[in-house]
Amino acid sequence: MPGPWPGLRRALLGLWAALSLGLLGLSAVAQEPFWADLQPRVALVERGGSLWLNCSTNCPRPERGGLETSLRRNGTQRGLRWLARQLVDIREPETQPVCFFRCARRTLQARGLIRTFQRPDRVELMPLPPWQPVGENFTLSCRVPGAGPRGSLTLTLLRGAQELIRRSFVGEPPRARGAVLTATVLARREDHEANFSCRAELDLRPHGLGLFENSSAPRQLRTFTLSPDSPRLAAPRLLEVGLERPVSCALEGLFPASEAHIYLALGDQRLNSKVMREGDALTATATATARAEEEGIGQLVCNVTLGGESRETRENVTVYSFPEPLLTLSEPIAPEGTTVTITCTAGARALVSLDGVQAVGSGQPAQLQLNATENDDRRDFFCDATLEVNGEILSKNRSAELRVLYAPRLDDSGCPRSWTWPEGPEQTLRCEARGNPAPSVHCARPDSGAVLALGLLGPVTRALAGTYRCRAANVLGEAVKDVTLMVEYAPALDSVGCPERITWLEGTEASLSCVAHGVPPPTVSCVRPEEDGVVEGLLRVAREHAGTYRCEATNARGSAAKTVAVTVEYGPSFEELSCPSNWTWVEGSGRLFSCEVEGKPEPSLQCVGSGGASEGLLLPLASPAPTPRASSISSALAPGIYVCNATNPHGSVVKTVAVSAESPPQMDESTCPSNQTWLEGAEVAALTCAAGGRPSPSVRCYREGTPRPERQRVSRNDAGTYRCVATNAHGTDARTVTVGVEYRPVVAELAASPPGGVRPGGNFTLTCRAEAWPPAQISWRAPPGAPNIGLSSNNSTLSVAGAMGSHGGEYECAATNAHGRHARRIMVRVAGPWMWVAVGGAAGGAALLAAGAGLAFYVQSTACKKGEYNVQEAESSGEAVCLNGAGGGAGGGPSAEDGLEAAGSTETPAGDEVFAIQLTSA
């Protein structure tokens, strides 16, 4: 719950605070320095802009304060120790406002600085001259009124984008405004139509403001060059009234030539000019025509203007009048023998002459009189007139032609009596006659009436050759003339006059002649390409005359060539090399008898058997030209004597041929069986292989792969594949023979399983393995009365389940094939009480030892006779080792302690001889 009088408590606390502040204030007045502050102290304001000034003090309780300035005010804000006032429309370049406060009977002041700036809104480049001569100076002046402060201004004069001059006004008084930049520039040719401008930059970045830029409008400068020389005026000194004469005017060294103006004038008459500009040159051409009223001396003017300046040339011209002379004939067309008068006249001041005969004086006519003949037809007469003008002699002339009428005439020059033309090219056939009026000409053959087309372009053919009668006629008469046309053409060799193939008979006389067609008549010669010299005259025909000849016909219009094949025919004949008298036919080769017969045409050939087995039989013959499907002899050929007869149109010939038959080696299953069997131990014999053939072939057999070593007896290693080859003069034959070696059986292994002892009721297995070829049959002999014995399917395994005492005893395994029998035995004991087993084992061991000693000599001398056994003795055991694998081998039987004892083995050859060996433990 609040205490009593809470308002009083708050009042006392407030009084206490006020007193404390007052004491602190008095202490501060007495101890701290007081100041007045004006912000911003220095300001830069755009002209016409506004600015807020803040006037403040650290005096705790100032008495009064204020802001003194001549600038307009818009608003004021106050606090205990501060005053803020807005100044507007600031236009003075520079003012200094004063902030003041009255504190502790002292006046505190702060003085500021306000400056204005004006952007370069107006940048003016003074106008340039309309035309500026190249090489002379002109003035560029740039003005920027009001912009400032000037010390921050930079002015640049530019030609296009190139700076010409740049000036900065750094260091100018702060109150200075506006700037002017002037430069003198040399006008250049490349300055023509260049833009000049001025750029102003007001850089207020050091004052915290930006960079203000502006440029003037560009002004274009036009420069020019005008040659100091006068134009070159080309004009005639004399100008005839009514005639057009060319006039030209040219001036070089102009720039720009496109801005130059030129005009030509004749007196007060301005000429219509054609202006051409090329580089710095200007040319004007015009046609000047003088009028009759301008006769006399006048002036021709040429004026060129450029850049307000001009160049002019004037030339004097004499204008005169000179009419054409007049030439008249009393009869322009006159019959032959008529008198004709020719008259030549001109103006009053002109002097005339007719065909070189001058008139008596100026203004007088010239005249000529003649009797018209054929030679005067188309004769030209010339009338010349001369006139002197300004010291120069001028002349004019006129001509006229006289036509004389006369009858036709056919001369050799226009219509030759003989024409010779080459065949083929197009020609214009002409027969021209003289005469006036022009006569018509007609040429035709007297015999056939064929007309020759005159004056027309056409091909020349042989059919045009012949004699023609030409007639020329006009109204005054007729002329007649016979002409001959000869058409020349190159030689031709056809099949009639020069056949492509000629046949001669050996031993006769013949000549090689070819007849060619052509105009003029051609000469013909025939040569053989591989020989020199021309074939001429009669020849005694031999076979070497056969071949290809080239015949060529030549005249003035060309040549023609043809190949002629000459064939020489002759009767048949035999040669021993190409048709032998003795021939051996090899059976199976399919070869035919080759007998080539010479003769043309090719003779027919037939060989027929004569006597014996070949009587009347045809001998098959080989074709002279081999073909893919040539015939062959498929069956036996009967040997014997054959008579061959060759015949062609020029005779026949006979030859006797003796034919014999042979054959290549041949083996088959009957003569060389592919499977043969040897017996091991037999004497080595050769393979049974024989071959048939004529002559008798030799046969050789060898083993493929590893060679067969030389030995006297057959071994199993001799089994393998052999190759037998039979050979004679006509080839070889081979067969592959497989040799198998058969041998007697040997029981290689007889073993008991398990190897330990057999207790009553236990199981055991006997395994017997035999080596033999062909494979042996296995048989067993067990102790008498042994029940429940089982055998495998091939009898190789004997098994007993639930052994009893009757199963103990000797077991024998026997292997039998066609070459003999071999057996081995093994002793099986079924063990009882241990003592019995020990006593029985000792007794059995002694018995076996005695038996082994007794058999030792027998085994060494007899048992290994065929099996090659080696009996080795040791202190603790005796074992028999079969060197060829037929015996029991080392350790071949179990010991007596195992309960299974190998009693021995027997080998039974085919003669029932038994060999035995006893294997026991010591």
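**Disulfides, strands and confidence**

Author: The structure holds 14 disulfides, a disulfide being counted where a pair of cysteine sulfur atoms lies within 2.5 Å. Please keep in mind that this is a predicted model, in which local features need a pLDDT of at least 70 and side-chain atom pairs count only at pLDDT 80 or more, while totals for chains, interfaces and linings use all residues. Residues are numbered from 1 along each chain as its sequence is written, and side-chain values use heavy atoms, with hydrogens and water left out.

Reader: What kind of bond is a disulfide, then?

Author: A disulfide is a covalent bond, made between the sulfur atoms of two cysteines.

Reader: OK, which residue does Cys249 join?

Author: Cys249 is joined to Cys302, with 1.8 Å from S to S, and the link is left-handed, at -85° about the S-S bond. This pair links distant parts of the chain, since Cys249 is in strand 23 (residues 244-251) and Cys302 is in strand 28 (residues 296-306), 53 residues apart. Strands here are DSSP runs of E with at least two residues, helices are runs of H or I with at least four, and both are numbered from the N terminus.

Reader: And is Cys249 buried or exposed?

Author: Cys249 counts as buried, because its relative accessibility is 1%, and Cys302 counts as buried at 0%. Buried means under 20% relative accessible area, exposed means over 50%, and partly exposed is in between, using a 1.4 Å probe and protein chains only.

Reader: What about Cys443 and Cys470, which hand is that one?

Author: The disulfide of Cys443 and Cys470 is right-handed, because the torsion about its S-S bond is about 115°. Cys443 lies in strand 41 (residues 440-444) and Cys470 in strand 44 (residues 466-474), so the pair ties together parts that are 27 residues apart in sequence. Their sulfur atoms are 1.9 Å apart, and both Cys443 and Cys470 are buried.

Reader: Where do Cys768 and Cys813 sit?

Author: Cys768 and Cys813 form a disulfide with sulfur atoms 1.9 Å apart. Cys768 is in strand 63 (residues 764-773) and Cys813 is in strand 67 (residues 809-817), so parts 45 residues apart in sequence are tied together. That disulfide is left-handed, because its S-S torsion is about -80°, and both cysteines, Cys768 and Cys813, are buried.

Reader: Let's step back. How many helices and strands are in the chain?

Author: The chain has two helices and 72 strands. It has 922 residues, of which 36% are buried. Among contacts with a separation of 6 or more, 62% are between residues 24 or more positions apart, where contact means heavy atoms within 4.5 Å.

Reader: Which residues face each other around strand 6?

Author: Strand 3 (residues 49-57) and strand 6 (residues 82-90) run antiparallel and are joined by seven bridges; Cys55 stands opposite Leu83, and Asn54 stands opposite Ala84. Strand 5 pairs with strand 6 over six bridges, also in the antiparallel sense, and there Thr76 stands opposite Arg85. Strand 5 and strand 6 form a hairpin, with three residues between them.

Reader: Why is strand 6 described as largely enclosed?

Author: Because seven of the nine residues of strand 6 are buried, the strand is largely enclosed by the rest of the structure.

Reader: Last topic: what is the mean pLDDT of the chain?

Author: The mean is 82, and 85% of the residues reach 70 or more; pLDDT is the predictor's confidence in each residue, from 0 to 100. Over residues 1-31 the pLDDT is below 50, and this stretch has four contacts in the model beyond near neighbours in sequence. Residues 833-922 are also below 50, with 145 contacts beyond near neighbours in sequence. Where pLDDT is low, the predicted coordinates should not be read in detail.

Terms used
Pairing = 2+ DSSP bridges.
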